[in-house]
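Q: Could you walk me through this structure? I'd like to start with how the strands pair.

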Amino acid sequence: MQTIMNKKLLLGFILMTITFFTLSCSSTRRSIAIEEGWELLGESKVNFVRDRDKVDVLSSNLFTAIRFKVEKRNIHMNELHVVYQNGDKLDPVMDDELVADQYSRDIELGPEGKAVRSIDFRYRTSGNVFKGRADVLVFGKRYVAPVYPR
């Protein structure tokens with residue numbers, strides 16, 4: 001009788017251990033669908049304290065446009081600075097309300113493609129601090145060199 005009870009306890013312990021390791025090893029990373037020709041350049045979790053953020057771009061690809069997608073909360077973006085790898089800057093006029101789970105308008109960088117070092121933006125988060133922070137995702141449209149017939 002005692003050995004049956006010990007086996008049941010051991011079996012229960014083993015099942016709990018396997019369940020714990022299975023759940024703790026699962027990925028917490030979310031998956032996002034990205035439109036063909038676009039690349040995720042970076043993301044930032046915006047908050048109520050600081051109203052300015054910077055996304056460093058680690059990609060060495062050339063891009064012809066960028067756009068934003070905000071998750072969870074709406075934000076109002078009122079300033080944008082794109083810094084290229086060569087140090088030049090682009091300061092497009094930006095005074096847009098970015099609605100949660102929708103893409104912003106495309107901001108054109110140039111038809112010949114540009115290497116982007118960083119993207120700085122100022123924003124105002126709408127709503128209540130207790131409802132959480134917004135995630136801002138920055139996407140770049142990859143430059144595709146034209147192919148000329150021979």
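**Strands, core and rings**

A: Lys-54 stands opposite Asp-120 in β8, and β2 and β8 pair in the antiparallel sense over five bridges. Strands here are DSSP runs of E with at least two residues, helices are runs of H or I with at least four, and both are numbered from the N terminus; two strands pair if DSSP finds at least two bridges between them.

Q: What should I know about the source of the model and its numbering?

A: This is a predicted model, in which local features need pLDDT of at least 70 and side-chain atom pairs count only at pLDDT 80 or more, while totals for chains, interfaces and linings use all residues. Residues are numbered from 1 along each chain as its sequence is written, and side-chain values use heavy atoms, with hydrogens and water left out.

Q: How many bridges join β4 to β8?

A: Nine bridges join these two strands, which run antiparallel, and Met-77 has Tyr-123 as its bridge partner in β8. Seven of the ten residues of β8 are buried, where buried means under 20% relative accessible area, exposed means over 50% and partly exposed lies in between, with a 1.4 Å probe and protein chains only.

Q: And which strands are joined to β9?

A: Strand β1 (residues 38-45) is joined to β9 by seven bridges, and β3 (residues 63-71) by eight, both in the antiparallel sense. Lys-45 has Asp-135 as its partner in β9, whereas Lys-69 has Leu-137. As for cover, six of the eight residues of β9 (135-142) are buried.

Q: Changing topic, which residues have the most contacts inside the largest nonpolar core?

A: They are Ile-66, Phe-68, Ile-75, Leu-80, Val-116, Ile-119 and Phe-121, in a core of 24 residues. A nonpolar core is a set of buried Ala, Val, Leu, Ile, Met, Phe, Trp, Tyr and Cys residues joined through side-chain atoms within 4.5 Å. The elements that give two or more residues to this core are β3, β4 (75-84), β8 (116-125) and β9, and β4 gives the largest share, five residues.

Q: What does Ile-66 touch?

A: Leaving aside neighbours within four places in sequence, Ile-66 is in contact (heavy atoms within 4.5 Å) with residues including Trp-38, Leu-80, Ile-119 and Phe-139.

Q: How many aromatic pairs are there?

A: The count comes to three, taking rings of Phe, Tyr and Trp (its six-membered ring) as paired if their centres lie within 6.5 Å, with planes under 30 degrees apart counted as stacked, over 60 as edge-to-face and the rest as tilted. The rings of Phe-68 and Phe-121 have centres 5.8 Å apart and planes at 65°, so this pair is edge-to-face. Phe-68 lies in β3 and Phe-121 in β8, so the pair ties together parts that are 53 residues apart in sequence. Another edge-to-face pair is Tyr-103 with Phe-139, at 5.6 Å centre to centre and 70° between the planes.

Q: Are Tyr-103 and Phe-139 buried or partly exposed?

A: Tyr-103 is partly exposed, with a relative accessible area of 33%, whereas Phe-139 is buried, at 2%.

Q: Last one: what does the side chain of Ser-59 contact?

A: Ser-59, in the loop between β2 (52-56) and β3, makes a side-chain polar contact of 2.9 Å with Glu-39. A polar contact is a pair of N or O atoms within 3.5 Å; within protein, one must be able to donate a hydrogen and the other to accept it, and residues adjacent in sequence count only if both atoms are side-chain atoms.
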